[in-house]
Structures are given as C-alpha cells and as structure tokens.
Amino acid sequence: MPNFIDPTPPGQCIFCRLVAGEIPAARVFEDELTLAFMDLGQVNPGHVLVTVKRHAATLLDLTPDEAAAAMRTAQRLALAIKQSFDPPGITLLQANGKEGEQTVFHFHLHVVPRHADDGIAFTWPRKDPPREQLEEYATRLRAALLLPGLEPQQ
Ligand SMILES: [Zn+2]
C-alpha cells in the first residue's frame, strides 16, 4: 500500500496544484477531464497516476463522465505501459477514504506494471458467507441502485 501521506493543508490540495502546474510533475497525458503523470514512488518502472482535473476527493465524488474518462485514460496508459515497459502484468489500484488506504484526498488511480515477486502485497481475507447471506447483500444493493441519482447513465 502507498505510504505517502499528503501533508498539504486543506484548500491547497497537492494534486490540484499539480494539475494547475504550480508544482512539477513528469506529465504523460492529459485530456479535457484527466491528467496522467509518473508516480514519484515508482513501485515498478512505468508506474503512473491518473487523476481528474477538477478537485474531487474520491470515486464517490466524480461525475459519471469523469469516472468514465479516468478509466479510459487508465486503459490508454496500460496499453502504453505494455508497449514501452512490457511488464507481464498490470494492476489498477484506486483507494477511497482513510480506511480504504487513500493517502491523497483527490481522486486518483494507480496504473502499476507488475512483475513476478515484485514485493507488492494486498491481503484478501475471504469470509465465504453462506449463499443466503450473499442474496441478502445483493437485495440491499439492488434496492440502493433504485435510489435517485443511481439510475443507469446514458
Ligand atoms: Zn485537489
């Protein structure tokens, strides 16, 4: 997990300043809604961050267009990483909230080239609940999807 914590005070978001060109970054790509730049930490060579240009703290704060644009840019970068670094694997990582391991509170998505035994770890403690429990969770989510604002986007 990333161990960089954004030290900037509220209102001076480090990624907003980076988007505005107030602090340097190795920029790779930008379009109307997104910016991609090299992650300072470079977990593996070619590791890129995709962010949205407007300040939005988490995935939950994006417009559907911004969410789509972020994934479009991430896929383009993944294709470019495959061409230029040829890693055998690529992992996307997107964290929301402190408990979700988010460290910079401006939406971003990591595109990480992966190699065998590269030291990246993510624990995945399976709970394997009974089928009835899965159905109950699905019922809850289906009900939430009917709420205003969660309708399918065109
Ligand atoms: Zn910001």
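Colleague: What should I know about the numbering and the model before I start?

Modeller: Residues are numbered from 1 along each chain as its sequence is written. The model is predicted, and local features need pLDDT of at least 70, side-chain atom pairs count only at pLDDT 80 or more, while totals for chains, interfaces and linings use all residues.

Colleague: How many helices and strands does the protein have?

Modeller: Helices (H or I, at least four residues) and strands (E, at least two) are DSSP runs, numbered from the N terminus. The protein has three helices and five strands. From the N terminus on, they run α-β-β-β-α-β-β-α. The C-alpha trace spans about 50 × 40 × 30 Å along its principal axes.

Colleague: In what order do the strands form the sheet?

Modeller: Strands of a sheet pair through backbone hydrogen bonds, either parallel or antiparallel. Two strands count as paired if DSSP finds at least two bridges between them. Here the five strands form an open sheet in the order 1-2-3-5-4, with antiparallel pairing. Strand 1 and strand 4 are at the edges with a single partner strand each, so one side of each has no neighbour in the sheet. On average, neighbouring strands of this sheet are turned by 20° against each other, direction ignored; the axes are lines fitted to C-alpha atoms, for helices over the stretch in contact, and angles run from 0 to 180 degrees between N-to-C directions.

Colleague: Which residues of helix 2 are buried?

Modeller: An α-helix has 3.6 residues a turn, so residues three or four places apart point the same way. A residue is buried if 20 or more other C-beta atoms lie within 10 Å of its own, exposed if 12 or fewer, and partly exposed in between, with C-beta atoms placed from the backbone. In helix 2, the buried residues are Ala-70, Thr-73, Ala-74, Leu-77, Ala-78 and Ile-81. Seen down the helix axis, they fall within an arc of 150° (of the directions from the axis to the C-beta atoms), so they line one face of helix 2. The face turned away from that buried side carries the exposed residues Pro-64, Asp-65, Leu-79 and Gln-83. What covers the buried residues includes strand 1, strand 2, strand 3 (48-52), strand 4 (89-93) and strand 5 (108-114). In the protein, buried residues make up 18% of the 154 residues.

Colleague: Where are Asp-86 and Asp-128 found, and are they buried or exposed?

Modeller: Asp-86 is in the loop between helix 2 and strand 4, and its phi is near 50°, a positive value in a residue other than glycine. Asp-86 counts as exposed because it has 9 C-beta neighbours inside 10 Å. Asp-128 is in the loop between strand 5 and helix 3 (131-144), with a positive phi near 45°. Asp-128 has 6 C-beta neighbours inside 10 Å, so it counts as exposed.

Technical notes:
Contact = placed C-beta atoms within 7 Å.
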